[in-house]
Structures are given as structure tokens and as C-alpha cells.
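Trainee: I'd like to learn how to read helix packing and chain contacts. Could you walk me through an example?

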Amino acid sequence: MSATEPPVTCVAPAAAIRHATKERRAAWILTAPALSLMVVILLAPVVIAGLLSFTNYSLGNGSFDWVGIHNYEKLFTRSTYEKMFIATLTYVVTVVPISVGLGLGAALLINSLGRFREFYKTIYFLPVMATLLAMAIAWEFMLHPSIGMINRTLEMGCGTVLERIWPFMANSCAERFPLWLGDKRYAIWVVCFIGIWQGFGFNMVLYLAGLTSVHRELYHAAEMDGVRSAWERFRLVTWPALGPTTVFVVTITCIRAFQVFDTIEAFWPQGGGPNKSTYVMMFAIFEKGVQQNLIGIGSAITMLFLAFVMFLTLIQRWLVERKVHY
Amino acid sequence: MTRDWWKHLILILGVIIVIAPFYMMVSYSFKSPGEIDRGEGGFFGRQEMMVDERCVKLRDPSREDIAAAALRFPDTTDGNIRNALVAEAEADCAVRPVVFNYTKAFSEAPLLRYLLNGVIVTASIFLIQVVVALPAAYALAKLKFWGRDAVFALVLFCLLIPVHAIALPLYIMLAKLGLTNTYAALVVPWTISVFGIFLMRQFFMTVPDDLIDAARMDGMGEFAIVWRVMLPTAIPALLAFAIFSIVAHWNDYFWPRIVVTGNRDLFTPPLGLREFKGDGDGSYFGPMMATATVIVTPLIVAFLLAQKRFIEGITLNGMK
């Protein structure tokens, strides 16, 4: 800015003011499309969902009633929604730590290698790129009770020593191998597994980027101070240095985990799995709000969902601003 | 290397698990239904000729066909002519399993149309995102105006709202406007990328003011500066953003599932695959996996060709 300002003469103020007005007008014209779209597409829906969550509105009906907190009350009393919270939380609480842990582990292993780093990195990143719905269908075939690759592989273990040391194997060989997707004991864990399978490569790449920014001198200094074992090196140098990366990785994994939908809809188009054991929030919004046209309750779930996600992001920002070093 | 064997062992175990569904998907897309059922044939299957039952059924000879063929098979009964014709049909309908699977993938459902829709939707989303975000990012980074901080604060706030989360109210708005089952419905919610604005703003902050001042001296207006000065400097950042945006929307299933119902002409690739699965009886595993392979391949190939760029693009939000 300062470079263009003309030397102070008696004409200058008028020119400068004219210039500033022009700049202001240009700025508003340039931001106007983005600003209006932000309001219409992002802010208005939040407000609309907030309002509708207190009504019994449904599409096609001209009128609706205000029902107060009735919708929210339902969310916290009906067993269906209890199952929804349980499924969502089980998924998030399982997928987040494991996929972050595996991502970190893979990154550390790969980083310590001399050769084949690119190879492993590429392979582990493949699921992140692939269309999740297509891969869900591939997994569904893998998990097919009779012709799926997984049960076929497990069957090979029958009659071997595995049968004696692994009760699951003994049971399955005696009776039959699990139905996986049709069994309420396994369904949610299978979905978690696919979530982890799909997401840990993303975390690995972020950690690999984080590792390149750990200064070598830190390791030298630690060695000078008598830190010898690999574990101590990790605990005292690497892990603290990766603090900011971890905060980010955990938040983004959490938000993605909350949004799980593709696998569930692909496996169980109706009803959210055996005994509703995989009835996650996104699926509930889709089923209640869109399919059954119960917009009030759908909006209430949307609001809760937004609250969760915003809360998580705010924690992340707060941690980042404190420049986390555990 | 020798010291590292256990690391390779663990990593290779991981590779097997990661690759397994890809391996199976591609392998099934090569095999005949029989081989899939019995689990034989290795990766490529044996590629023995197989008879396409549906093709034979379509050519089931009618009375007229038999009468017409009577000249070719003199001195025999109608029954024998019929059998001969069926045998001919079977011979004509014999195909290699891989050919069968991939032709079925494209002929059973309008897969090309789906792919085209995918391209149209992802491309228009990206282009509109850039047209909207770039000027705003420039204004937020380089122009002084009253309210700039407020606008930027709004951008930061909107970063908190994932579009998938507000899908229901967006769907209601679109339904009220009568826009469900249109291309517009597939594109509109994604036209504003607050993340894109944020990213480009951070990038523009690093562009020296002198460049812009020089352009102003040359008499360029602010619009011209955005497109003729800022855009060229932003190409690397834009490329990363393009990959981020294209991967997300090519693979997106949730939003298209909500706004497109029934109208096959608007199906994006994941929706098409889903439809295929819904229709399929057991014998269509092969063609379905062929469809899945076709849908997954473009991005995977692009990724293998330009890994660095892709990883940069996908992990963009790491820069927040």
C-alpha cells in the first residue's frame, strides 16, 4: 500500500480518498458472491434446522405446529435414538484412536526405513483415494458368509493348531463361521474395521509430513543427555514435536468418523443393521428426515450433530492456539 | 536392511490387508460366475469361454425363425432345427468372462452416462468454487475495506460447518425450490468452499504487494488483477485444491443419494453402482465388480501418476 501513496501534496488527500473508496467498492463487489452464498448455503440452513427442530413440519404439508422441545425429548428417551448414540459413539471411539495410532505407527516405521518408503506410502494411501461406496461393496463380498474370501481363509485354519488355541476358531469350525454383516455382535465392529482401513493412510501421510519437521538437532541433543532407547527418544522428542499434528489428525478423524454413512447405507439400506446396532447419526438423519419425511426429528438430530462437530473443532482451535506441546 | 526385516514384515502384513479388497474387486471383474462361486481360477480366472444365458434366451427361436431356417436344414424335423438354432445361438453368445463382465457393466446400466455425470458435476463444482472463492480471497488478503475482519471471521466460523451435516435443511430448501433431481441440486451446496477461500487467502498473503501495485500502475482494475495477476501466481495452490475438491466430489455418495431419487439420467458413478447392487441377483457379481473397478480406476490411476501432488492436495486441510 505505502508504495503507491503519492507524496503528500495538497491534491493527494482527495486522490487518496477517491482511491480508498474505489478499493472499498471493489472489495465488496469481489466478496459479495462468496458472502451471499455463505449466508444462503451455510448459515441459513443452520438457522432453518434450528427452527424446524421445534416443529412437526414435513415436506408437502402446508402447515405445521410448534411442538417445543418435543423432538429433543424423543431423542433422549426413545430406545431407537439410544441405539443411535451408542452406535455413533462406539464407531467414533473405536475408529479415532485406532486409525490415529495405526497412522502414527505406520509413519514411524516407514520413516525409519531406507528403502521402499514410497511403495508403502502409496499402497496405504490407496483406500483414501478410492470411492468408499465401491470399496464397501467389495468388502461386502469379502465378508460374504459362504463365498467370501474372509470365511474361506478362516476355514483353512480348521483342523490345525489354531483350533486348539483360539476358541473363536474352535466354535466356528464346529458350527459355522460368522455372518459378519448379519450378526449384531459383529456388524458395528466390521463397519469400524472398514473405517479404520479407509482412514489410517490419511493420518499416516499427515504424520509423515509432521515427522519431516522434527529437527535432527533435537535427537542429537537428546542423545547427549543420555537418551539411548528408541522408546525414550520417541517419548521425549518425537511425540512432543508431533503435538500440533496429533491435534489436527485427531480432530479431522473425529469429524470424519461422525459422518460415517456410505458403508452403512451400502450394507443395510434399511433400518441401520441387525437390531439397529449400526444406526449412526448420519444414517438417522437420512432415514428420518429424507426417507420418512419426519423433518422435525431429523432437524433435531442435525442440530445435535452440529453441536458435536463444532465443539470438537473449537477444542482443536483452542489447543492449536495454545501451541500444544504436551 | 537385515536389521529392518521385522518392520518390513509388519508393513507387508498391512499391505496385504489394505490391498485385499482391491485385489478381490479386480479379480472378480475378470472371473466367470462359476469361478466366483467356487472360488477358483487365481487372479485372472481361467478365461474359458462361457455362455451368456441372457443372450441365448433373447435369441430363443420363434416359429417364424424355425420356418425361415428350414431352407438351411433340409430334410429334418422342426425340433431338430430348433435345437440346431439354439446351438448356433449358444456358439454366438459364448464370450470370455472378462469381456462378459465389462460389456455387461456398460450395457446393463448406462455406466457411461454415470461417468459423464460424475465429470460434469465434479468439474462444475470445482470451477464455480474457484470463481467464487478467488476474488473473495484476494479481497480478504490484499484490499483494505471496512468490514474485512468481520467477513474473515465469518469465513472462520463457516469452516466449522460441514456441508454433510446440514444436508437436511439444504434438501428442504432445494425441494421447496423444486430443484431436487436436477444437476443444480448436485452442484449448488458445494459452490461455496469456505475452505477454498481460507486457503487461497493464506496463499495470497504471501504474494508481494509490489506485484499488485505494478498492475494498478498499468491501469488494471481489481477484476483484471484477480484473474490476470493473482490467478497465475496461484496455480500450484489451485492445483492442490482441485485435487482436494475433485476427489471429494467424485467419491461423494451421501449428497447425491439425498437429492437424486430414481432419475437415472442424473446418477453419479457411486449412485449407479448402488443401483446396480440393488438390482443384482447373485449371478451378477462379476459385472458389478467390473463397474466398481471402472469407477475407482480413474482416480487411482491419476494418483499413481502424480502421487506427490495428490497427497499434497488431499492433506491440504492439514494446513489449517
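Mentor: Let's go through some features of this predicted model one by one.

Trainee: Okay, where does the UniProt record place the "transmembrane region" annotation in chain B?

Mentor: The unreviewed entry puts it on residues 9-30, 114-138, 150-171, 183-204, 225-247 and 284-306 of chain B.

Trainee: And how much helix is there over residues 183-204 of chain B?

Mentor: That span is 73% helix and 0% strand, with its end C-alpha atoms 32 Å apart.

Trainee: Now for packing. How do I describe two helices that touch?

Mentor: You give the angle between the two axes and the distance between them. Take helix H1 (residues 5-28) and helix H17 (residues 285-305), both of chain B: the angle is about 125° and the axes are 7 Å apart. That angle makes H1(B) oblique to H17(B). The crossing of H1(B) past H17(B) is left-handed.

Trainee: Which residues make that contact between H1(B) and H17(B)?

Mentor: On H1(B), look for B:Phe22, B:Met24, B:Met25, B:Val26 and B:Tyr28; on H17(B), they include B:Gly286, B:Met289 and B:Ala292. Sorted by class, the contact has nine nonpolar, two polar and no charged residues.

Trainee: Can we do another pair in chain B?

Mentor: Helix H7 (residues 111-142) and helix H11 (residues 194-205) of chain B pack at about 45°, their axes 8 Å apart. So H7(B) is oblique to H11(B). Here H7(B) passes H11(B) in a right-handed crossing. Among the residues that meet are B:Tyr138 and B:Lys142 in H7(B) and B:Arg201 and B:Phe204 in H11(B). This contact divides into eleven nonpolar, one polar and two charged residues.

Trainee: What about the two chains together?

Mentor: The size of an interface is often given as the accessible area lost when the parts come together. Chain A and chain B bury about 8600 Å² between them, with 79% of it on carbon and sulfur atoms. On the chain A side, A:Leu30, A:Met129 and A:Phe141 lose the most area to chain B, together 9% of what that side buries.

Trainee: Which helix of chain A packs against H17(B)?

Mentor: Helix H5 (residues 132-142) of chain A does, at an angle of about 145° with the axes 9 Å apart. H5(A) passes H17(B) in a left-handed crossing. A:Phe141 is one of the contact residues on H5(A), and B:Met289 is one of those on H17(B). By class, that contact has ten nonpolar, no polar and no charged residues.

Technical notes. Residues are numbered from 1 along each chain as its sequence is written. Chains are lettered from A and ligands numbered from 1 in the order in which they are written. This is a predicted model: local features need pLDDT of at least 70, side-chain atom pairs count only at pLDDT 80 or more; totals for chains, interfaces and linings use all residues. Side-chain values use heavy atoms; hydrogens and water are left out. UniProt positions are given in the numbering used here, feature names are shortened, and annotations may be inferred rather than shown by experiment. Helices (H or I, at least four residues) and strands (E, at least two) are DSSP runs, numbered from the N terminus. Axes are lines fitted to C-alpha atoms, for helices over the stretch in contact, and angles run from 0 to 180 degrees between N-to-C directions. Angles under 35 degrees count as roughly parallel, over 145 as roughly antiparallel, 65 to 115 as roughly perpendicular and the rest as oblique. A crossing is left-handed if the near helix is turned anticlockwise from the far one by less than a right angle, and right-handed if clockwise. Contact means heavy atoms within 4.5 Å. Ala, Val, Leu, Ile, Met, Phe, Trp, Tyr, Cys and Pro count as nonpolar, Asp, Glu, Lys and Arg as charged, and the others, Gly among them, as polar. Buried area is the accessible area (1.4 Å probe) that two parts lose on being put together, summed over both.
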